[in-house]
Amino acid sequence: MTTTQENRWIGVSAPRREDAPLIRGRGRYIADIEPAGTVHMAILRSPYAHARINGIDTAAAEALDGVHCVLTADDLEGIGDFPTIWRLPGQKECTTPAFAPGKARYVGEPVAAVVADSRYLAEDALDLLDVDYEILDHVVDVEAALADGAPVINEDMGDNTIIEYTFPGINALGVAGDIDGAFEEADEIVSGRFKVGRYSGVALETRGHVAEWDDLRQTLTLHSGSQVASLLRTELAAALGIPETSVRILTPNIGGAFGNQWDRYPEDILVSLASMKLGRPVKWIEDRREALQATVHGREQLQEWQLAASSDGTVLGLKGRVLSDQGAHLHSVGIGPAWVTGAAAVNQYKIANYHCDVVGVATNKTPNSTFRGFGGPEAMFGIERMMDKTARRLGIDPAELRRRNMIQADEFPYFSPGGAVYDSGNYPAALEKALEAVEYDKVREEQQSLRDQGVYRGIGISSYIHVSGFGPSAILGILDYYTGGYEGSTVKIDPHGRATLYTGMIPMGQGTETTLAQVAADHLEIDIANVRVVWGDTDQTPYTGFGSAGSRSNVAAVAVIKAIEEIKAKAVRIGAGLLEADPDDVAYADGRISVKGAEEMRSLSLADVAQQAYWAHKLPEGDQPTLEATYVYDPANFTTACGTHVAVVDVDIDTGKIDWVKYVVVDDAGTIINPLLVEGQIHGALSNGLGGAMLEEFVYDEESGQLLSSTLMDYLVPSFTDLPDFEIHHLVTPSPHTEGGFKGMGEAGCFPAAGALANAVTDALSHLGVEADQTPVTPSRLWSLIDQAGG
Amino acid sequence: MKPAVFDYSAPESIAEALDLLAEHGSGAKVLAGGQSLVPMLNFRLARPAHLIDVNGVDSLSYISANGSLRIGAMTRLTAIGESGDVAGAHPVIPAAVAQIGHRAIRNRGTIGGSVAHNDPAAELPAVLMALDAEVTARSVDGERVIGMQDLIEDRLFETTLGDTELLTEIRIPAAAAGSTFGFQEFARRHGDFALAGVAAVITTDGSTITQAALGAFGGTHATRLPTAEAALVGAETGDAAFAAAGAGAAADFPATSDVHGTAEYRSHLINVLTVRALNDAAGQAGGGNG
């Protein structure tokens with residue numbers, strides 16, 4: 001018999017059960033799947049930023065030996081586009097078509113596809129496609145796109161403004177305050193203009209699909225790396241015009257998704273359509289060049305902020321304008337990330353008076369859509385830079401300025417003027433803990449003496465909130481976000497008392513299988529080895545409303561807990577009958593069903609009860625045979641993870657090189673299920689955030705509209721040697737609004753990273769007045785600022 | 001990212017390789033370590049009709065230090081970086097090799113491949129230029145020896161090698177007694193192609209510089225830095241001469257802009273790196289490698 005302590009699994013650094021097969025080469029990725037008779041698809045993508053397609057001559061490609069079919073826009077009759085499912089009021093209608101609709105709008109937009117015996121042959125055939133392009137003027141800059149006379153990218157929109165949304169908005173819950181009064185009352189008005197660079201997930205495994213159409217059964221099985229199989233199934237069936245009951249999505253291991261795989265893409269349709277045409281399996285694996293051009297990009301914004309402050313450092317008001325570079329068309333989530341930027345920009349501070357205009361702008365670039373952080377890191381960059389600028393202007397230490405404006409621990413729930421309700425947290429405690437860990441006062445002293453020696457050391461503080469667990473379905477409804485916010489879980493206890501858990505979550509590296517097994521084992525109080533987690537098959541697993549963003553464990557975990565509560569109640573009812581006791585006198589504890597006060601004498605194991613549940617010889621009246629339950633949990637509120645990061649760097653003013661000295665993280669994600677995995681997630685998300693702060697950027701050439709960072713020699717992903725050692729500390733403020741007190745944390749690490757780095761660099765160069773207001777902070781950009789400042 | 005169709009041969013001797021080159025000429029491409037050619041094939045930027053894989057020609061892999069240093073074209077970069085003979089003769093070479101890509105790339109990449117590919121951001125062409133190296137080119141018609149300067153001129157991603165010639169050996173004359181070196185490059189991440197870099201080899205007569213050879217990379221082509229060299233020869237070692245050399249280097253350097261940095265930044269970098277390399281070289285004087 002086990003003890004309670006042995007089988008409490010929440011809070012334990014259980015090793016990842018995913019690791020053994022992945023490390024030992026038994027992972028199975030899309031590229032490993034190749035059913036008999038598979039043929040291969042390659043896609044012709046526009047080499048131009050903006051060009052009308054007057055015709056495509058496919059004859060030579062079709063004549064090549066080994067080519068099975070060529071698809072162009074002419075083959076799309078009866079095939080629908082993928083919708084933009086977040087449709088804010090005033091947002092112009094926009095969809096994602098399978099092929100460029102008469103004209104190509106960005107370099108990389110699909111124009112035609114070839115299916116052949118091998119990928120080699122398919123690429124040979126691409127060379128033989130003759131497209132009659134009429135090159136049009138292009139625009140790859142948001143301000144240029146808004147200027148009079150700019151080329152209009154989507155004619156049906158009339159111009160390149162897709163939406164202008166104002167916070168506090170008609171749909172937001174926030175209160176506007178008196179923004180004009182705040183600015184009139186202010187002693188100081190501080191302005192900032194920030195360019196947040198365009199980058200993305202750039203997963204190790206690129207996208208890919210294998211589609212298997214069975215013409216006799218009229219079913220489509222799609223092996224896909226999508227991180228949201230339920231939504232893909234619904235939307236794919238609609239686009240293809242076949243019943244959703246005919247579509248099954250199977251998800252193998254995923255080598256990174258980072259939100260990019262949340263969206264629906266043209267290739268999802270193309271590979272399915274090709275399989276339906278040919279009646280045989282069709283495989284498409286995105287190559288790296290395609291991945292950089294055609295998987296959604298993220299982040300890029302031009303932000304202008306003004307902050308009104310009194311001389312004592314009180315922030316009276318904040319107003320801003322955010323131009324979001326959406327690329328050529330809205331993708332699955334519309335301007336969602338930029339909306340989140342507007343909603344989150346007041347961050348941890350009591351800013352009563354707030355106004356922000358968010359403008360979605362079309363440019364001839366790859367669509368900007370779902371990417372880890374989803375608008376939050378962009379918001380944190382702007383506000384945290386503004387806090388440092390304000391501190392410098394007022395002559396107040398940046399830590400002290402934050403201290404004076406933070407929402408206090410006893411002020412929750414806090415209704416933010418951005419519209420979110422912050423559930424809980426202790427922002428000042430996280431700040432103090434971070435300052436203590438970094439030895440703030442000591443570093444400040446050293447900074448002075450080092451500067452005399454020509455060493456330019458800077459300290460950058462960056463605090464953050466991460467609104468996670470997105471979100472109560474009713475709120476999504478208010479926001480015109482056409483999906484639900486719930487997660488479902490089915491738990492089945494087998495006749496031997498072991499549990500199988502079915503989840504619609506798709507593990508993509510964050511340890512979902514392990515953490516959900518921990519939650520189930522903890523609540524059933526059984527050995528974690530007796531819990532199996534099933535995922536990745538829409539025929540078996542529950543529908544998930546929102547899908548599996550990295551911060552969804554908190555919602556999915558509650559669905560598991562709720563399903564297990566039902567199972568335990570049923571086990572108690574069955575057990576009471578077997579023990580000949582009143583159910584009120586029987587309790588579930590230690591994985592056993594026992595008469596209270598007589599646990600040693602009158603007690604049954606979960607297996608004993610489960611066996612009876614399956615025999616069903618004498619079940620309580622009203623109970624069905626077997627022992628299983630399904631629960632679909634719709635969260636009551638968002639949860640708000642939070643924390644403070646402090647970066648310490650040295651800047652080489654001769655080269656613009658940034659050297660790491662220290663990086664301290666204090667995070668608060670509520671109750672921690674698995675500290676080891678939380679640490680791993682922080683490392684990953686921070687690497688992602690610092691990558692965008694220093695290295696990663698999709699650069700477009702203004703002249704040609706070409707994507708210049710089109711290989712991994714030009715688009716630089718950080719490796720270990722480019723990153724600091726992360727010193728991580730936790731605070732635990734359980735969420736009062738979710739069972740278990742969990743908050744999402746898979747994305748949080750990337751939220752404050754760019755602000756911390758830019759604030760540290762700016763601090764290091766304060767004697768020159770250099771301000772790092774554009775990401776990534778590259779050596780070339782930084783040296784140019786130093787040079788202009790006369791350094 | 002799959003290559004177009006090509007024919008493939010794997011000769012086992014130099015003579016066999018030369019016959020194949022004579023037969024296929026400009027339609028052929030020689031495959032050495034493949035660290036640049038294979039990606040170019042996959043991007044279909046290179047579309048040779050015939051690939052001649054010389055990885056099986058064992059006689060092209062050797063290091064011989066006997067007066068001058070001779071290195072077979074197919075010698076792997078790791079072998080060169082770890083060779084005591086190379087380090088003894090020209091310690092600037094292992095210093096440069098350590099900065100080439102990552103270990104896996106150096107295990108496969110070859111000195112001949114690097115020189116013949118002539119990427120303007122590659123370390124070795126510039127280092128070999130500074131060392132006054134020569135290469136041996138062979139064809140069925142015979143053999144010729146080409147100085148690095150004449151091999152590269154101001155070309156990028158090509159050399160003056162003929163279509164039927166195979167680069168077989170790199171010869172580096174012995175270093176001047178008492179010479180010291182500095183090697184500096186700047187890349188955004190370790191292992192990446194540098195935005196700018198410089199190899200400096202100087203010889204001093206007490207405190208006066210008697211010889212100076214500087215090779216730079218990361219511009220539009222590998223190049224010596226004659227203005228910087230002229231500023232150094234005859235000058236006293238020290239800040240004044242090194243600053244003049246840095247400015248000269250910036251004047252000589254064929255800087256260009258790309259996603260990683262502007263031409264202006266690169267010109268500034270070559271100045272800074274030249275001064276740093278010269279300080280490194282001066283720091284070795286006295287304890288040097290002569």
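This is a predicted model: local features need pLDDT of at least 70, side-chain atom pairs count only at pLDDT 80 or more; totals for chains, interfaces and linings use all residues.
User: What radius of gyration would a compact globule with 791 residues have, and what does chain A have?

Analyst: A compact globule with 791 residues would have a radius of gyration near 28 Å, and chain A agrees because it has 28 Å. Of the 791 residues in chain A, 58% are buried. Among contacts in chain A with a separation of 6 or more, 80% are between residues 24 or more positions apart.

User: Which domains does the domain assignment give for chain A?

Analyst: The assignment gives domain 1 (19-27 + 486-633), domain 2 (33-136 + 205-294) and domain 3 (301-472 + 636-788). Let's look at one pair. The C-alpha centres of domain 1 and domain 3 of chain A lie 39 Å apart, and 18 residues of domain 1 are in contact with 18 residues of domain 3.

User: Which element gives the most to the side of domain 1 of chain A that touches domain 3 of chain A?

Analyst: Helix 16 of chain A does, with 7 residues. That side of domain 1 divides into 7 nonpolar, 9 polar and 2 charged residues.

User: How should I read a nonpolar core, and how many residues has the largest one?

Analyst: Here is the general idea first. Nonpolar side chains in soluble globular proteins tend to be buried together. In this structure, the largest nonpolar core has 331 residues, and those with the most contacts inside it include A:M41, A:V114, A:L757 and B:A199. Helix 16 of chain A gives the most to this core, with 15 residues. As for B:A199, its contacts beyond four places in sequence include B:V92, B:F181, B:F183 and B:L214.

User: Is A:T95 buried, exposed or partly exposed?

Analyst: For a single residue, count the C-beta atoms around its own: 20 or more within 10 Å make it buried, and 12 or fewer make it exposed. A:T95 counts as partly exposed because it has 15 C-beta neighbours inside 10 Å. You will find A:T95 in strand 5 (residues 95-96) of chain A. Apart from neighbours within four places in sequence, A:T95 is in contact with A:D81, A:F82, A:P83 and A:T84.

User: How many residues of chain A and chain B take part in the contact?

Analyst: The contact takes 22 residues from chain A and 15 residues from chain B. On the chain B side, helix 12 (residues 263-284) gives the largest share, 4 residues. By class, this side of chain B has 7 nonpolar, 5 polar and 3 charged residues.

User: Could we finish with one helix: which residues in helix 11 of chain B are buried?

Analyst: Gladly. Helix 11 (residues 239-252) of chain B has 14 residues, and its 20 Å reach from first C-alpha to last is close to the 20 Å expected at 1.5 Å a residue. The buried residues are B:A241, B:F242, B:A245, B:G246, B:G248, B:A249, B:A250 and B:D252. What covers them includes strand 10 (196-205), strand 11 (208-217), strand 12 (223-224), helix 10 (226-232) and helix 12 of chain B.

Terms used:
Residues are numbered from 1 along each chain as its sequence is written. Chains are lettered from A and ligands numbered from 1 in the order in which they are written. Two residues are in contact if their C-beta atoms, placed from the backbone, lie within 7 Å. Helices (H or I, at least four residues) and strands (E, at least two) are DSSP runs, numbered from the N terminus. Ala, Val, Leu, Ile, Met, Phe, Trp, Tyr, Cys and Pro count as nonpolar, Asp, Glu, Lys and Arg as charged, and the others, Gly among them, as polar. The expected span of a helix is 1.5 Å times one less than its number of residues. A nonpolar core is a set of buried Ala, Val, Leu, Ile, Met, Phe, Trp, Tyr and Cys residues joined through C-beta atoms within 7 Å. Domain bounds come from an automatic or database domain assignment. The radius of gyration is taken over C-alpha atoms; the globule rule is 2.2 Å times the number of residues to the power 0.38.
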